[in-house]
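Here is a brief report on a structure. Please look over the sequence and the model before reading on.

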Amino acid sequence: MNTNMAVCIAVIAKENYPLYIRSVPTQNELKFHYTVHTSLDVVEEKISAVGKALGDQRELYLGLLYPTEDYKMFRKLHNSFTDVMCNPFHNPGDTIQSKAFDGIVSGMMVQTA
Amino acid sequence: MSVPDYMQCAEDHQTVLVVVQPVGIVPEDQFFKIYKRIASVSQVNIRDSQRILIRYRHHYLPENNEWGDFQTHRKVVGLISITTCATSKEWPQTAERFHGQKEVYSSTLYDSRLLVFGLSGEITEQQRTDVAFYPSFEECSDVEKRVEDFVESIYIVLESKRLDRATDKSGDKIPLLCVPFEKKDFVGLDTDSRHYKKRCQGRMRKHVGDLCLQAGMLQDALVHYHMAVELLRGVNDFLWLGAALEGLCSASVIFHYPGGTAGKMMGRKQSISQPLDAGKRHRAGALTTNGISADTSTEIGRAKNCLSPEDIIEKYKEAISYYGKYKNAGVIELEACVKAVRVLAIQKRAREASDFLQNAVYINLGQLSEEEKIQRYSILSELYELIGFHRKSAFFKRVAAMQCVAPTIPEPGWRACYKLLLETLPGYSLSLDPKDFSKGTHRGWAAVQMRLLHELVYASRRMGNPALSVRHLSFLLQTMLDFLSDQEKKEVTQSLENYTSKCPGGMEIITLPDGLKLPPVPFTKLPIVRSVKLLNLPVSLRPHKVKGLLGQNISNASPFIYSPIIMHNRGEERCKKIDFQWVQGDVCEVQLMVYNPMPYELRVENMGLLTSGVEFESLPAALSLPAESGLYPVTLVGVPRTAGNITVNGYHTSVFGVTSDCLLDGLPSVKTSGCLVEVIPALPRLQLQTSLPRSGTLWSFCVGFLSSSVSVQLFNGETQQLTITLENIGSEDIETLELTSKIVSTKEKVFGEFLSWELDEALSHLPLKPGQSVTLTVNIKVKLDFSGQENLLQDLNDDGISVTGLPISSPLRQVLKPRAETKPVGSESSKAEYSHIKTLEAVLNFKYSGGAGKVEGYYRELSLGVHVDVEPSVFFTRVSTLPATSTRHCHLLLDIFNPTEHELTVRAKNNQDLVLHASECQRMAIQVDKFDFESLPQPDQESIRFSNPKQLEEERQHLFHAAVLNHVHPSLRRCGEASVEGVLNQLVLEHLQLAPLQWDVLVNKKPCDCDVIADCKVGDAVSLEVKLTNRSKNSVGPLALNVVPYQDYQNGVQNYDLEDGVTFIGSNTFYIDTVKPNESTVCEGALLFLYTGDFYLSIKFQDDSAGRELPLAWFTLPSVHIRALDTPPQAGA
C-alpha cells in the first residue's frame, strides 16, 4: 500500500544547498544526498535556460520537473513550506527546523515497519 | 568488439584509420616523437577538390578491426611501423617482424610503411617504396613527406574500392557484408530470396556511403545512406539500419558543424588521445576553409538530403534504439551515444544530452576490467562536464576515483584516485582555499563535500603524503565545523592529531606535482576570535609627551584648524592609529576575546602575535579553553625591540599540531579598534617601595592611574615619616626626576603642608643606573581642623568672662586660672561626631625620564597614592582670650576635649602637662605673645585681607607656633601637634593682635612691663621714658599722656592720694607730637619716691588729646610697678 510513497524528500535553497533533507532508510543517507545533489544539474540547466531569455530577472518557478502531481504530495509539501516561511522567526536561507514540517514530511515517507 | 573508443565523434566517420606501431625495441619517447610528427599529417589534399582525413592510432585491437565492414572508419587501412636497426645483420629479422605485424591487419590493410632508424650502409641503397631508412631519430626531415605519399597511395586504393563497389550492377551477385557475431546466423540461409538480396543491397549501399564519406564525397554519401535506410528498413535489418542512420547523422553533422564536435574536449588525460587531439584540431581548421565548395547546385542537393539539426538527434535516437536490440552491439551503441552527446553539446541541448548519457550508463558491456570501468566513468564525467552538468560529472569522476582503489585491484592506484578526486572539487562547489569559506553562508552541499574531503584525506594518506592529508583534514575541520556532529568533531580532531604527530601542519603552500597549489588553512575557528584590542601600557609605564610641541598632530592631518568635513574612511578604520604609545623594550599586551566552539577542551599552544613595522619579540602563550566556552579573554604579549609604528596583523596558533597564521584581514567578523600603534624609543622604568604597608583601602576617587598606594592611620596632628625607595629596574639611565604632590580630597581643610620632602639628596644620585636605587623621605603631617562643631564655638562668653582688650590686673587672672572645669560631653550623638574618622588622600607624582625616549621628549609618571585615615586626637571646643598683664602677651583659653578612648596628655609651651581622660574636656590657658600689628589687616578691609593671603598665612604661622600644643597619647606612645589655627575666629584674632602703636616704658632705662617690678631707692630720682613707635600706616598724634601714681592695697582699694609720697621732677604730663608711620618719639620725665612702698604708675591719655577714631586697644600702655626701697637691693650692691 505504500508503494507510491517517497523515500527521500529534500528542500533546496536557490543557492544550491539543502534547507531540509530527510530520507527513510537512514542507514544509507549519503546515497540520497548524492542522488539529490546530482539531480540539481537539471534544475540548474532549467534555470540558466530561463535566465537567458529574461536577462537579469531570473524566473525561479520552473513548473513541475517530474509528474509529482501523480503523488499529490507536492501541494502538501509546498503548503507546509509556505507555513515555515511565514514564521516570523525563520530567516530565509536557514535550514528548516520545524516540527510541523517534519510531521508533514514523515507522513509522505515510506513507512519502514 | 568489447573495448569502446570513447573518444569517437561523428566526424570520425570520414577518416581513414592508420595504425602506427613500433617494431622491436624502440625507445618510447623517440617513438612518440615520431608518432607526433606522423600524426601532424592529418589531412592530405589529393586534388584541388579532394582531401582525405586520417585518424592515427598507436594501439588498435584486431578484434575491433573485424567490425571494419560494418563501419569502414573502424577498418585499419594503413600501417606505419617504426623500428630501430643498429646493424645490417639485424635487418632481415626486422623485416620479418614487420611482415608479421602486417599479417595482423592483413585482411583490411590497403598499404603499409616501415620507418627504419639507425641503419646506414648498402641496405639503405635499395629502392623500396614501403621502407624508409633514416640514420637516426634526429635526421628524418622527410617523414611528413613520406607519410603524405603513403596517404595518397591509400587514397588511390580507397577510391578504386569505392568506384568498384559503387559501379556494381545488380547483375553481379552482391556479397553479404556482416559483423562478426552475425556470421553463424546466416549459415544455411537462402541466398536467393528477395529478402536476402535486399539485405545485401542495403548493406552494400551503406558500405558505399561509408567509403564516399571517407573519400570526402559528402553528397554521394548522403544519397547512399538514404538509399540504404530505405532498403534496410524494408527488410527489418535493424543493426545495419542503425548503422545507416548513424552514417546519415555523421554526414549531416559533418555538414552542419565543420568545426567538429570534439572541439571542446580538451584536457583529456588518456595518453592515447592526446596526439590524436592535436591532429584533430589542426584538421578542423582546414575544414572550414575547404569544406564548402563554390558549386551552388551541389549545395542545394546537399541541403535536401542532409538532416536538419533536430533530425540528427531523432535519427541518433532511432539508431541507438536499433543497436539496443543487439546485445553484442553494446560498444556500437555506447559509441553512438557518446557521439550524439557531443553533437547535442554543440547544439547546447543539455537535457536531451543527459538522456543519451543516462542511456549510456545502463549499456551493459559484459565483464569490464577495472581499468575499463575507470575509463568509462571518467568519460561519462567528461561528457557531463561538456553539457554543463557539473554535479553529475563530479559524481562519476568520484566513482571513477573510487574504482581506482577498488578492493579487487591488487595494487590500488591511490595517486590516480587522489588526482581524480581533486578534479571533482568544482562539481561540489568546493575549493581548497579556506578564504572562499570565510565569508557569507556556506556554499554547496556540506554532507557531500565532507564525504569528499574525507576521501581526499584518506587517499592522500595512502599515497604516503601525510602533509597533504594534514592539509585536507585541517581544511575539513575549518570549513565544515558547523556541519560536523560532536562525535565527528572528536574523530576528526583525533585523526588530525595522529597525523600531525608524524607530520606537523604548517602555513606553507603545498604544491602538487601537477601544479595545483593548496593554500594553507589557518584555524580561525579554533578558537574563534571575536575581538582584538591593543592594550595601553600600565599607568605607571605610560609615556607622556613633554608639552610644548603642540599642534604637531593637527598640522599633519589637515591644513585647516577646523573643518566640518570629517574624514570618514571606513576602510582605514582597521588600520587607524591608536592614540596611545608603546615603549620599545617594554612588554605590550593585546587582548583577544576568544571562544572554543568544540564540545571538549581545546588546547591552544604557542599563541602569539603577528606584527609588522618594527622588530617585535612575541612571547607566545599556551591556553586551554573549556568546552564550548563563552567569550574568554586572552592576553598576548610581546616586546617591541625597535621604535616606529607597529601594526598587529593577526595571531598565530598551534592547535592539534597544526600551526596557523590567522590574519585579521581575512576575518571580517573580528572587531578591532585599530591595530596600528606607535612605539617610542626606550624609557627607563622606576620601581617604588615604601616603608609603609601597601594599601588595600578604598579610594574615594578613581585609582586607575595610581601605580601603588600606601595607607596609614594617624591621629590628627601626628607626623609620620614615609621612606620611599626608588629603584631603576629598566635598562636605561634615569636622568631626570621630579616630584610633585597633590591633595585629592579637598573636603577637609588641611593646615600646613601635608606632604613635604627634600629631593636634593635624591637628585644628587642622578643619573641613576639600572639596578641602582635612591631613597627619599617624605613627611606626612596631618593637621586638620581641631575645632569642634561650629555651634560650639559661637558662644564665647557663656561663662561670663568678657573678652576685651582692656588690661585685666593680675589678681583677676589669678582667680580665673584655677577654673579648670571638668565638663563631660552631653549627648552620645555629639560624641559620635567627635570620633568621626576623616580621610586625607594625596598623590605623589614622580616624573622621570632618560635614555632615547627623553631625547624624543617623553617621560614617565609614577604615582604613589597616600591615604591617611585621620583619627581625632583633641578638639578645641571653645576658644577665648584673656589679656595678660603685659600688653605684649595674651592668654588663650582653650577648652580641650579628648575624643579618643585613651588617656591623653596635653603639653603646651611653657605650661605644665594637662592630663585628659577619655572623653574628658578641660580648659587650658596658654600665654601667647601677641603678634605684630603691622601686617595685620584692618578688620574692615576684608578685600585686602584676601588679596594678600600669603602674608596673612605667614603671620598666622607665627602665632600658631606659639600656640602649638603637643598632645601625647601615653598608652599608644604616639604624639602629635595640635594647632589652633582653624579654631581662631576673627574676634579672637583681633585680641591676639599686637597693637600697631607700640608703647615702651622704661624705668631707670630698664624696660618695664606688667609683671616686672622695677626697684628704686627712696630719694633717688627715677627716670621714666615713654617711647611710642608707630607701626601703623597713618600718623598718630599729637597725644598728651598723664602719669598718675597710685598704690594698690590688694583689697580693691586704690589710693591715688600720693601727693606726699611721690614727686614728679618736672611735669607729670607728656606731650607727644605727631608720629609718622614707622617713626618713634621718646618723652622723658623723672620721679622721686619719698617713702618706701609699692607704687603703680598709671599712664593715661588726656581725653582731648587723642583722636578717638583709633581703637582703644591701640592705646594701652603697660602699667608700671615700682618698688621703692630704703636701701639699694642686694643684687645692685
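The model is a predicted one.

**Chain A overall**

Chain A has 113 residues, and 31% of them are buried. Its contacts can also be sorted by sequence separation. Take the pairs at least 6 residues apart: 56% of these contacts join residues at least 24 apart.

**Helix α2 of chain A**

Helix α2(A) covers residues 74-86.

Which residues of α2(A) are buried? They are L77(A), S80(A) and V84(A). Viewed down the helix axis, the buried residues lie within an arc of 65°, so they line one face of α2(A). That buried set packs against β1 (8-12) and α3 of chain A. On the other side of α2(A), the exposed residues are R75(A), D83(A) and C86(A).

| Side of α2(A) | Residues | State |
|---|---|---|
| Buried face | L77(A), S80(A), V84(A) | under 20% relative accessible area |
| Other side | R75(A), D83(A), C86(A) | over 50% relative accessible area |

**How α2 meets α3**

Two packed helices are described by the angle between their axes and the distance between those axes. For α2(A) and α3(A), residues 99-108, the axes come within 9 Å and cross at roughly 170°. An angle over 145 degrees counts as roughly antiparallel. The two helices are therefore roughly antiparallel to each other.

From α2(A), the contact uses K76(A), L77(A), S80(A), F81(A) and V84(A). From α3(A), A100(A), F101(A), I104(A), V105(A) and M108(A) take part. By class, this contact has eight nonpolar residues, one polar and one charged.

**A residue in chain B**

Turn now to chain B. Q30(B) sits in helix α1, residues 28-39 of that chain. Is Q30(B) buried or exposed? Its relative accessible area is 17%, so Q30(B) is buried. Leaving aside residues up to four places away in sequence, Q30(B) touches F137(B) and E138(B). I82(B) is 52 residues from Q30(B) along the chain, and their C-alpha atoms are 9.9 Å apart.

Technical notes: Residues numbered from 1 in each chain as written. Chains lettered and ligands numbered in written order. Predicted model: local features only at pLDDT ≥ 70, side-chain atom pairs only at ≥ 80, totals over all residues. Heavy atoms only, no water. Axes fitted to C-alpha atoms, helices over the stretch in contact; angles between N-to-C directions. Helix = DSSP H or I, 4+ residues; strand = E, 2+ residues; numbered from the N terminus. Parallel < 35°, antiparallel > 145°, perpendicular 65-115°, else oblique. Contact = heavy atoms within 4.5 Å. Nonpolar A, V, L, I, M, F, W, Y, C, P; charged D, E, K, R; others polar. Buried < 20%, exposed > 50% of the residue type's maximum accessible area, 1.4 Å probe, protein only. Arc of directions from axis to C-beta.
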